[in-house]
Amino acid sequence: MSSSILNSNFNCSVDSGFVDITGDPPSSTTFTDPMITPSSRLSSTERIKAAIKILRDGRISILDFMLKILDPSEASFAYNRDRIFNCSRQEKTSVDVGKAPVGKLEKMLDCLFADSRGRTRMMEWFRPRIISSVSAVISQEMDAVKENAVVSKAPVLNSILHRAAQTDRAKDKNKLKDCSTACNIIITQLASQRSHHSVFFAAPFTLFLWTNGASKQTIEALYHCGLCISFTSLLTLLKKLAARCLDCARQLACRPHIMCYDNINISTSIFVEQRPNAPAKVQSGTFAILYEARNANPEHMRLSPMLSRILNASELTFNTDVRPGVDQMQSFHSHLRAHIVDILLENCSCFKGYHRTATLQHGDRRKMPQGYRTQQFPLCTSTIDESSVTGNIAVIHDVYVNQLRMQHGEFSDRFTRLQFIQLGFGLFHLCLNLVWALLHVHRGSVHQIGSLSYFFTLLDCKRLGCEHPDYHTLLATLMQILRGTILNAWRVECGYPTLAAFASSQPTANQLLAIADEILSTHASPAHEPLKKKHNNTMDLFDVESEPTDVAQRNLQLLTRDLLYVLELTSAIPAGDWGRIEDILGNLAMMFRGAGSNNYCSEILHFLFNLKKIWTPEFVDIMRDNALVNLTGLDGHSKGIYSTWDRLGDISATVALLQNIKKQVGRALGTAYSGTTHTTPDTSSSTWKVANKINELSLQVFTPDREENDSVKPMVNILWEGERKLKSSTLTTFNKKVRVMLAGGGFEPEEDELSAASFDLTDIVAE
């Protein structure tokens with residue numbers, strides 16, 4: 001019976017699968033056994049049992065049977081070997097696109113591996129052979145990775161590194177620590193070793209380290225570790241990047257743009273040997289940047305209409321052109337009210353739920369569109385000193401001719417005469433000089449209550465009394481003094497014994513604004529300007545016999561008012577609202593003139609003259625829209641078009657690019673500044689110290705018989721004094737100089753009564 005089965009349908013049964021192993025090549029004839037009928041056909045399991053019995057009777061094990069067929073020297077079984085390794089037609093058609101076919105051979109291996117005994121034997125067999133196999137696969141993967149540094153093209157290597165980097169327990173329990181970044185860096189590190197052209201990680205990582213101050217020795221050490229390019233290659237890369245950045249700037253130079261520049265001082269060394277041609281300890285130069293102009297229509301930037309308007313330009317008048325209009329003063333007043341309420345809400349935790357009230361928010365005057373990001377194109381730093389007329393001409397020539405490679409044939413005589421440049425002013429310098437002026441007007445002495453020196457001593461800010469105070473420290477301290485003054489004014493005007501009791505009454509937003517109005521009129525505006533009288537050929541500020549005065553209270557009123565201008569200016573700039581700044585330009589001109597900063601007053605007058613007399617209305621809007629820039633596109637990050645930069649040197653043209661690389665690499669490595677534990681420094685204690693001292697001395701209460709009034713020197717009302725000087729002589733002198741200038745003559749600068757601003761700007765860097 002068994003021989004009958006072996007020689008008949010058993011061998012020809014396709015669905016048994018056994019024909020793929022023992023069957024001879026199919027012939028054109030079929031053989032049927034008359035002893036076998038369809039009703040007596042055996043099941044698959046029974047046939048396999050019968051086949052195993054035949055092998056057992058022949059003293060052949062299943063493994064011997066398989067080894068005999070798989071033996072390459074056995075030519076008679078070649079067809080059977082092919083059927084084992086080749087996929088059947090059914091297997092090929094059933095497989096998904098892009099995936100390898102899974103046939104009976106793969107299923108057999110899966111079954112062996114599923115059994116723990118088979119898995120152990122297979123792993124022992126694979127161990128000496130897997131290294132060469134995996135190495136070949138990894139070599140193919142790395143060939144793909146070195147082309148474009150895509151780690152996903154090396155799944156095998158990436159999997160091996162992940163298994164080596166963490167245990168199963170760490171993988172399951174670690175929620176924060178992730179080894180992916182380390183594994184990806186290792187892959188790029190290996191790609192760099194495989195080909196020196198594969199620097200997709202090494203190059204930006206080197207730039208990241210260098211912009212963060214890494215030394216040459218550190219970069220060279222990391223280069224030998226495969227993480228960086230060499231320092232020599234870094235310098236070459238910087239030159240190529242600078243050339244590419246200048247190419248982008250040249251393209252912008254052919255379109256409407258803003259060009260601004262400022263001086264820069266680079267310290268070369270603190271130890272310089274005195275010898276011929278030795279480098280200077282400090283190298284001075286000029287750094288220029290091009291910005292893409294927003295809303296700049298070339299048709300609105302034509303010079304001819306402006307030159308025509310010059311011929312018919314009228315003189316600048318105080319009432320019409322300098323003094324802010326009614327709508328401007330109303331807008332400024334509304335922002336001051338909002339600032340005063342903000343100070344209360346920010347420093348009194350008992351007031352909650354008011355921050356989102358619409359009536360307490362700052363209104364928009366001419367605000368930059370939300371999310372708008374200004375494109376910047378820094379240029380190379382030159383060694384030209386721009387502090388003179390000749391130096392300014394040389395800077396412009398260097399920018400457009402030497403760096404941007406414009407040919408003289410592209411220029412008209414208006415270029416050589418510099419008529420094509422329409423001037424604005426730097427808002428950073430505006431803040432700088434305003435703070436400097438207020439420091440000298442209100443400095444006083446430590447023994448003079450209500451003076452800045454008195455408050456500096458109170459807050460233990462001794463360094464602000466030096467010759468070169470730090471600008472940021474001074475500005476922060478001035479804001480603390482202002483907040484303390486306003487907080488105590490709230491205590492005086494709220495009508496309750498404490499601010500906590502006032503908060504418990506749940507005042508409405510309109511009530512808060514009404515009290516803010518009272519604070520402005522009572523504590524930030526002098527009630528009157530006392531008459532001066534001659535006495536022994538000198539001018540005494542007060543006629544003490546004619547009316548009672550409280551000099552200390554009046555000085556504090558003036559200080560509060562002047563610091564509110566600083567607060568509004570420094571708030572409007574990051575908010576990106578030029579309209580708020582333009583509203584107070586006339587008053588700022590008066591304040592500079594009253595403080596003795598005549599040149600800065602003249603600069604603002606020049607801008608107002610161009611704004612209202614020379615520029616066309618369309619070009620005026622272009623100047624307004626581009627007086628502020630936002631390099632990040634984030635709210636609260638706008639700034640004036642002038643700024644300072646760190647680590648410029650010969651690579652200043654790549655500043656913008658290096659900043660982006662620094663942010664991107666830091667973000668990719670998880671080192672970008674995004675800490676959740678950092679908070680804004682709490683200066684409330686200093687603010688309340690000022691408020692409590694003012695309350696203790698009753699400085700905001702009119703006290704004519706105050707003992708300290710005899711030793712308190714009255715401060716100059718720079719707004720009133722500036723208005724008086726502008727009306728009396730300054731505007732007349734300015735208009736005469738403008739007429740001479742328009743006729744082709746020069747413009748003589750003013751002589752400042754105030755010393756030039758001399759801050760310590762060491763720590764000021766570009767954001």
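At 23% relative accessibility, Arg624 counts as partly exposed (buried means under 20% relative accessible area, exposed over 50% and partly exposed in between, for a 1.4 Å probe and protein chains only). The model is a predicted one, in which local features need pLDDT of at least 70 and side-chain atom pairs count only at pLDDT 80 or more, while totals for chains, interfaces and linings use all residues. Residues are numbered from 1 along each chain as its sequence is written, and side-chain values use heavy atoms, with hydrogens and water left out.

**Salt bridges**

- The structure holds 23 salt bridges, a salt bridge being a side-chain nitrogen of Lys or Arg within 4 Å of a carboxyl oxygen of Asp or Glu.
- The partner of Arg624 is Asp621, and the closest N and O atoms of this salt bridge are 3.4 Å apart; both residues lie in helix α30 (residues 617-625), three residues apart, which is about one turn of the helix. (Helices are DSSP runs of H or I with at least four residues, numbered from the N terminus.)
- Asp621 is likewise partly exposed, because its relative accessibility is 29%.
- Arg624 and Asp621 also belong to a network of salt bridges that links them with Arg294, Arg366, Glu582 and Asp625.
- Arg580 pairs with Glu568 in another salt bridge, where the closest N and O atoms are 2.9 Å apart; this pair links distant parts of the chain, with Arg580 in helix α27 (residues 578-583) and Glu568 in helix α26, twelve residues apart.
- Arg580 and Glu568 are both buried.
- In helix α33 (residues 718-742), Arg724 and Glu721 are three residues apart and therefore separated by about one helical turn, and their side chains meet in a salt bridge of 2.5 Å, N to O.
- Within that pair, Arg724 is partly exposed because its relative accessible area is 37%, whereas Glu721 counts as buried at 9% relative accessibility.

**Helix packing**

- Two packed helices are described by the angle between their axes and the distance between the axes; here axes are lines fitted to C-alpha atoms, for helices over the stretch in contact, and angles run from 0 to 180 degrees between N-to-C directions.
- Helix α18 (residues 326-347) packs against helix α26 (residues 551-575) at an angle of about 95°, with 11 Å between the axes, which makes α18 roughly perpendicular to α26 (angles of 65 to 115 degrees count as roughly perpendicular, under 35 as roughly parallel, over 145 as roughly antiparallel and the rest as oblique).
- The contact (heavy atoms within 4.5 Å) is made by Phe332, His335, Leu336, His339 and Ile343 of α18, together with Leu564, Tyr565, Leu567, Glu568 and Ser571 of α26.
- The residues of this contact of α18 with α26 divide into six nonpolar, three polar and one charged, where Ala, Val, Leu, Ile, Met, Phe, Trp, Tyr, Cys and Pro count as nonpolar, Asp, Glu, Lys and Arg as charged, and the others, Gly among them, as polar.
- Helix α21 (residues 427-442) and helix α28 (residues 585-595) pack at about 45°, their axes lying 10 Å apart, and are therefore oblique to each other.
- On the α21 side the contact is made by Leu430, Asn433, Leu434, Ala437, Leu438 and Val441, and on the α28 side by Leu588, Met591, Phe592 and Ala595.
- By class, the contact of α21 with α28 has nine nonpolar residues, one polar residue and no charged residues.

**Two buried residues**

- Ser597, in the loop between α28 and α29 (598-614), counts as buried because its relative accessibility is 7%.
- Leaving aside residues up to four places away in sequence, Ser597 touches Phe592, Asp752 and Leu754.
- Ile614 has its place in helix α29 and is buried, with a relative accessible area of 4%.
- Although Ile614 and Ala313 are 301 residues apart along the chain, their C-alpha atoms are separated by 6.7 Å; Ala313 is among the residues that Ile614 touches, as are Met306, Arg309, Ile310 and Phe609, again not counting residues up to four places away in sequence.

**Positive phi angles**

- Most residues other than glycine have a negative phi.
- Gln506, in the loop between α24 (499-504) and α25 (509-523), has a positive phi near 55°, and at 63% relative accessibility Gln506 counts as exposed.
- Ser698, in the loop between α32 (684-697) and α33, has a positive phi of about 55° although it is not a glycine, and Ser698 is partly exposed, with a relative accessible area of 32%.
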